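Here are some exercises to work through with the model open beside you. Try each task on your own, then follow the solution step by step.

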Amino acid sequence: MENRINKVLTLRNGKKYVVLNQAIYRQENYFFVVGVTDDEEDLTDEFRIVQEVEKDGKKFVKDIHDPQLLNLLAKYLKPVVEGE
């Protein structure tokens, strides 16, 4: 698994997100992301938990809709805070 924490992901629709934390659960890779402005200078108020998926050699992310899985992942994907 590649460390993507603090990296910017750009979706096909052009929206950008920075990865705050990531985790593997049941051999699947998940990210806790926050939106960033187009110039990548400021954060937005959009937070998401997404799953990394690979298809035909290309990687993309998809939203998680299962409330139980979201609850579980939220416990493990808290942002890492320096000094704690």
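**Exercise 1: A residue before the strands**

Asn6 lies in the segment before β1; strands (E, at least two residues) and helices (H or I, at least four) are DSSP runs, numbered from the N terminus. Before you start, note that this is a predicted model, in which local features need pLDDT of at least 70, side-chain atom pairs count only at pLDDT 80 or more, and totals for chains, interfaces and linings use all residues. Residues are numbered from 1 along each chain as its sequence is written, and side-chain values use heavy atoms, with hydrogens and water left out.

Task: find out whether Asn6 is buried or exposed, and what its phi is.

Solution. 
- Step 1. Recall the cut-offs: buried means under 20% relative accessible area, exposed means over 50%, and partly exposed is in between (1.4 Å probe, protein chains only).
- Step 2. Asn6 has a relative accessible area of 62%, so the residue is exposed.
- Step 3. The phi of Asn6 is near 70°, which is positive in a residue other than glycine.
- Step 4. For background, most residues other than glycine have a negative phi.

**Exercise 2: Trace the chain**

Task: how many helices and strands does the protein chain have, and in what pattern do they follow along the sequence?

Solution. 
- Step 1. Count the elements: the chain holds one helix and five strands.
- Step 2. Read them along the sequence to get β-β-β-β-β-α.
- Step 3. Turn to the dimensions: the C-alpha trace spans about 40 × 35 × 25 Å along its principal axes.

**Exercise 3: Pair the strands**

Task: which strands pair, where two strands count as paired if DSSP finds at least two bridges between them?

Solution. 
- Step 1. Begin with β2 and β3, which are antiparallel over nine bridges. Here Ala23 faces Tyr30 in β3.
- Step 2. Look at their hairpin: two residues separate the strands, and Arg26 in the turn has a positive phi of about 50°. Gln27, found in the loop between β2 and β3, also has a positive phi, of about 60°, although it is not a glycine. At 72% relative accessibility, Gln27 is exposed.
- Step 3. Move on to β3 (residues 28–36) and β4 (residues 43–55), an antiparallel pair with six bridges. Phe32 is opposite Ile49 in β4, and Val33 is opposite Arg48 in β4. This hairpin has six residues between the strands, and Glu40 has a positive phi near 65°.
- Step 4. Finish with β4 and β5 (residues 58–63), again antiparallel over six bridges. Val53 has Phe60 in β5 as its bridge partner. Two residues lie between these strands, and Asp56 takes a positive phi near 55°.

**Exercise 4: Look inside β3**

Task: how many of the residues of β3 are buried, and which residues does Val36 touch?

Solution. 
- Step 1. Check the whole strand: eight of the nine residues of β3 are buried, so the strand is mostly covered.
- Step 2. Pick Val36, placed in β3. Its relative accessible area of 10% makes Val36 buried.
- Step 3. List the contacts of Val36 (heavy atoms within 4.5 Å). Leaving out residues up to four places away in sequence, Val36 touches Val8, Lys16, Tyr17, Val18, Asp42, Leu43 and Thr44.
- Step 4. Do likewise for Asn29, also found in strand β3. At 9% relative accessibility, Asn29 is buried. With residues up to four places away in sequence left out, its contacts include Met1, Gln22, Val50 and Glu52.

**Exercise 5: Step back out**

Task: is Arg12 buried or exposed, and what share of the chain's residues is buried?

Solution. 
- Step 1. Locate Arg12 in the loop between β1 (8–10) and β2 (16–25).
- Step 2. With 83% relative accessibility, Arg12 is exposed.
- Step 3. Take the C-alpha distance from Arg12 to Lys75, 63 residues apart along the chain: 28 Å.
- Step 4. For the chain as a whole, 32% of the 84 residues are buried.

Note on methods. Two strands pair if DSSP finds at least two bridges between them. Contact means heavy atoms within 4.5 Å.
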